[in-house]
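Here are my notes on the model you sent over.

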Number of protein chains: 2
Amino acid sequence: MKGPRVSSGIRKQQILAAAKRCFQRKGYAQTTIDEIAAEYGMSKGSLYWYYPSKKAVLIDLFRVFVEETLNRILTEIGSIRSARDRIVAIGERLARSLQEDIELFSALIVFWESSFLDESIREMLMDQYRFYGRILTGLLDDGERAGEFAVPDKKIYAALMIAMMEGVIVRQVLNKDLDLEEIRRSVSGVMNRLLPEKERQTGPAGSSHTGKHGS
Amino acid sequence: MKGPRVSSGIRKQQILAAAKRCFQRKGYAQTTIDEIAAEYGMSKGSLYWYYPSKKAVLIDLFRVFVEETLNRILTEIGSIRSARDRIVAIGERLARSLQEDIELFSALIVFWESSFLDESIREMLMDQYRFYGRILTGLLDDGERAGEFAVPDKKIYAALMIAMMEGVIVRQVLNKDLDLEEIRRSVSGVMNRLLPEKERQTGPAGSSHTGKHGS
DNA sequence: CATAACATACTGATCAGTCAGTTTAGTTCA
DNA sequence: TGAACTAAACTGACTGATCAGTATGTTATG
């Protein structure tokens, strides 16, 4: 590369941001490349300089979604000791991310719909599902080993917890009528209730650094 | 009407069934009218005799979805006395319907995606959401009055329960990798756990929670 | 023989992707 | 220093394919 006017990364970011806004407004199929180009203020030819196809934009948008939101959450909660608190924190932070970056989550429904058509997108989604399932199942394992709680069927529980968060996302993306601050607080209570305690704990489940070490 | 070859109702049913299969395979935007016509074995002209537009087919499909699945469930559980059992039964029957008629539920994602584009579809969906929210909130009220359980924030709880079922639908429609029989059983346990008991019951649910918790 | 029910060729609009050309930033060399 | 050169970055008109909806014709039925 001899002389980029701005860095290739910046342009791609701009394109993705524009695409995100367009997809949110009209969905994937209804959004034209020209609209995306207009939205980020350059021409269609420029867009095709950075991305080979409309589908490639969508896929890269999903990649960014995963990297920037979900993996960040998983990193952030890594320092929390108790498995229970970590699980609760995932729900809380997901709700907060949803509040802050609703447009990105809107793209999820686009992915779901596209996955009917495109096998590669479906595979990407399934990989993510399996990944989150493993994460959560692992956390349930940790909590059980540490004696924090016991759940009878960890895999199903993990699936249902993920399902709940996903349902909240759907509802919010379509409607935006829920009070997310309220949801954020409630998710904590619900998650807690879903994890029956083996032994009595002192405080409300958050923040307590009891003697027993986590994972 | 002088002489229908088959009744108009039958034809519409056939068209909707064909559309349902097509939408499931390819999504709404990617499905052509010709494909739907081919799927139900007649021509495009015939389809337009019964429906004025592609969108009208989608909307009627949603109407059937609501009438045939969700309202039926609500009617069926009407005879159950205990509010708790009624709530649990909704979850169980929804899981069973999902198992039996996955194609119909697939159309839900199509509706969600279409609602970005079409305000009337969005309004239809929102009406349904509000309706189910009221139903569930009412059930929580009933249970509380009968002394079966107490939940601190009924509206949010209703929303989260609906969200969970919706998430299960998404997961199953996209992946079909969950054991729905297992889900059906687990949903019962999860729903029970989400309804903290006022008085001691025999079940293994997390009854050790005292009143003040979380939030 | 009237009309409901169905078939099919057509149209106008849309849109993803292409391509030939233009502009700008950086490099070379006198 | 700057003119000549080069390739990256960008433009926008164009194309070929697609498809919803229509127009017009055909067949079956009471």
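1. A quick word on terms before the areas come up: buried area is the accessible area, taken with a 1.4 Å probe, that two parts lose on being put together, summed over both. Please also keep in mind that this is a predicted model.

2. Let's start inside one chain. Twelve residues from domain 1 of chain A and 15 residues from domain 2 of chain A take part in the contact.

3. What holds the area between those two domains? Domain 1 of chain A and domain 2 of chain A bury about 1300 Å² between them, and carbon and sulfur atoms give 74% of that. On the polar side, there are zero salt bridges between domain 1 of chain A and domain 2 of chain A, though four residue pairs are in polar contact there, counting pairs with both residues at pLDDT 80 or more. Helix 1 (residues 8-26) of chain A gives the most to the side of domain 1 of chain A that touches domain 2 of chain A, namely five residues. Sorted by class, that side of domain 1 of chain A has eight nonpolar, three polar and one charged residues.

4. Helix 1 of chain A turns up again in a salt bridge. A:E39 pairs with A:R25, with the closest N and O atoms 2.9 Å apart. A:E39 sits in helix 2 (residues 33-40) of chain A and A:R25 in helix 1 of chain A, so to speak 14 residues apart, and the pair links distant parts of the chain. Over all chains, the whole structure has 30 salt bridges.5. Now for the two chains together. The contact takes 52 residues from chain B and 51 residues from chain A. About 4800 Å² is buried between chain B and chain A, 67% of it on carbon and sulfur atoms. B:F116, B:L174 and B:R193 supply 16% of the area that chain B buries against chain A, more than any other three residues.

5. How many salt bridges are there between chain B and chain A? The count is zero. Polar contacts between chain B and chain A come to six residue pairs, both residues being at pLDDT 80 or more. Several helices of chain B give two or more residues to the side that touches chain A, among them helix 6 (102-117), helix 7 (119-145) and helix 9 (180-193). Helix 8 of chain B provides the largest share of that side, with 14 residues. By class, the side of chain B that touches chain A divides into 28 nonpolar, 15 polar and nine charged residues.

Key: Residues are numbered from 1 along each chain as its sequence is written. Chains are lettered from A and ligands numbered from 1 in the order in which they are written. This is a predicted model: local features need pLDDT of at least 70, side-chain atom pairs count only at pLDDT 80 or more; totals for chains, interfaces and linings use all residues. Side-chain values use heavy atoms; hydrogens and water are left out. Contact means heavy atoms within 4.5 Å. A salt bridge is a side-chain nitrogen of Lys or Arg within 4 Å of a carboxyl oxygen of Asp or Glu. A polar contact is a pair of N or O atoms within 3.5 Å; within protein, one must be able to donate a hydrogen and the other to accept it, and residues adjacent in sequence count only if both atoms are side-chain atoms. Helices (H or I, at least four residues) and strands (E, at least two) are DSSP runs, numbered from the N terminus. Ala, Val, Leu, Ile, Met, Phe, Trp, Tyr, Cys and Pro count as nonpolar, Asp, Glu, Lys and Arg as charged, and the others, Gly among them, as polar.
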